[in-house]
Amino acid sequence: MGHWKFTAGTVCMTAAVLAAAGCGGKQGSGDGKAIQLKMNVTTSESSVWHVAAKTFKKEIEEKTKGKYKVMIFGNEQLASGDLTKGIEMLFNGATDVDIHSSMIVSNVVPKVSIVSMPWLFPNGYKSVDEYVLKPGSPGDKLIKKEMESKGVHCLGLGENGFRQITNNVRPITKPEDLQGLKIRVPPITILMDVFSTLGADPTQMPFSECFTALQQGAVDGQENPYDTMRSAKLQEVQKYMTTWNYSYDPIVLSVSGKVWKKLSPEEKKIFEEAGQKACAEQVAASRKLDATIVDEFKKAGVKVDELSPESVAQMKKAMGPVYAKYKDKFGEDTFKSFGYTF
């Protein structure tokens with residue numbers, strides 16, 4: 001997906017990473033020392049994702065009276081920048097607590113990707129709140145059930161937001177504007193399918209390389225939620241942005257099965273409540289930030305267009321082959337649970 005930019009701090013944290021390795025989730029040796037939990041976060045500290053990370057850390061450390069200490073590692077440090085490796089580390093218990101985009105989670109739990117199908121939520125965040133973020137909603141139940149089946153416990157859903165598109169060639173206001181554009185996308189099959197269907201040239205590369213690739217013209221554009229683009233300063237190397245809300249991207253706050261199994265019932269309750277509070281605060285912060293980011297891009301000289309309802313309808317019509325493919329893969333009833341009918 002693409003959510004971070006490496007900094008000198010990555011190097012400075014190496015010793016801390018090594019010191020933390022292997023200690024996560026240990027139940028201590030009876031010497032009264034805090035049990036250290038390694039928390040992996042894809043983005044840099046300037047990202048709104050860290051609202052959830054910091055709130056979770058504070059709640060856990062306070063409510064367990066210091067029994068657990070949460071060590072936050074941003075910039076996908078624990079996986080050396082490899083997003084897929086980062087999520088695999090959660091599932092194999094190498095990390096203890098984790099915040100990843102559901103798109104990256106889908107590399108291990110494929111069905112989770114249905115939440116990010118193109119133009120699935122016609123009423124924007126109103127639809128998202130109803131079908132994904134509300135406890136007990138179809139998306140909430142699906143993500144938690146699917147992750148649990150693979151041995152990881154989901155504590156809550158936050159928000160990376162709707163994904164927008166930027167490029168350096170031309171404004172994108174209709175489907176044909178995407179013809180031939182080389183667009184950097186994360187290693188997610190659904191997104192590759194979307195851009196190929198629209199006539200673009202989807203190109204996979206680590207997000208850490210995206211800024212330079214855009215600057216040097218190796219790719220024409222990229223797609224990401226507002227905050228991811230802002231935290232990577234892509235407004236410095238892109239001329240055009242289109243607000244088209246084509247794919248929704250929740251983030252998933254989870255704890256490894258190895259840690260979850262060792263928690264007492266009381267501790268599990270604390271972790272659940274901390275996860276819900278952390279995610280609620282992160283969603284609120286993310287939505288507050290959205291409008292300011294658009295203004296920030298405009299001030300940086302980026303031309304911003306909003307896709308018209310007519311163009312959205314054209315885009316959705318073009319997605320017929322994509323929906324047909326995933327209807328066969330995930331089942332028509334799953335789509336119906338999100339209010340989508342074929």
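I count a contact when heavy atoms lie within 4.5 Å. With that cut-off I looked at the contacts in the protein chain between residues at least 6 apart in sequence, and 74% of them join residues at least 24 apart. The model I am reading is predicted.

**Entry: the whole chain**

I listed the secondary structure and found 15 helices and nine strands in the protein chain. I then checked the radius of gyration. A compact globule of 342 residues would have one near 20 Å, and the protein chain has 20 Å, so the two agree. Along the principal axes, the C-alpha trace spans about 65 × 45 × 30 Å. I looked up burial next: 55% of the 342 residues are buried. The chain exposes about 14,000 Å², and 52% of that comes from carbon and sulfur atoms.

**Entry: the cores**

I asked which residues have the most contacts inside the largest nonpolar core. They are Met117, Phe121, Val132, Leu178, Phe195 and Trp244, in a core of 53 residues. Strand 4 (residues 152-167) gives this core its largest share, five residues. Another core lies apart from it, with 25 residues, including Ala52, Leu155, Ala274 and Cys279. In soluble globular proteins, nonpolar side chains tend to be buried together.

Leaving out residues up to four places away in sequence, Phe121 touches Val115, Ser127, Val128, Tyr131, Val132, Phe162, Tyr248 and Phe338.

**Entry: strand 4**

I checked how much of strand 4 is buried. The count is 16 of 16 residues, so strand 4 is largely enclosed by the rest of the structure. I then looked up its pairing. With strand 8 (residues 240-256), strand 4 pairs in the antiparallel sense over 13 bridges. There, His153 stands opposite Val255. With strand 7 (residues 221-225), strand 4 again pairs in the antiparallel sense, over five bridges. In that pairing, Gln164 stands opposite Asn224.

**Entry: Met229**

I found Met229 in helix 10 (residues 226-231). Is Met229 buried or exposed? Its relative accessible area is 0%. Buried means under 20%, so Met229 counts as buried.

I listed what Met229 touches, not counting residues up to four places away in sequence: Gln164, Thr166, Gln222, Asn224, Leu234, Gln235, Met241 and Phe297.

Notes: Residues numbered from 1 in each chain as written. Predicted model: local features only at pLDDT ≥ 70, side-chain atom pairs only at ≥ 80, totals over all residues. Heavy atoms only, no water. Helix = DSSP H or I, 4+ residues; strand = E, 2+ residues; numbered from the N terminus. Buried < 20%, exposed > 50% of the residue type's maximum accessible area, 1.4 Å probe, protein only. Core = buried A, V, L, I, M, F, W, Y, C linked by side-chain atoms within 4.5 Å. Pairing = 2+ DSSP bridges. Rg over C-alpha atoms; globule rule 2.2 N^0.38 Å. Areas by Shrake-Rupley, 256 points an atom, 1.4 Å probe, with all protein chains shown as cover.
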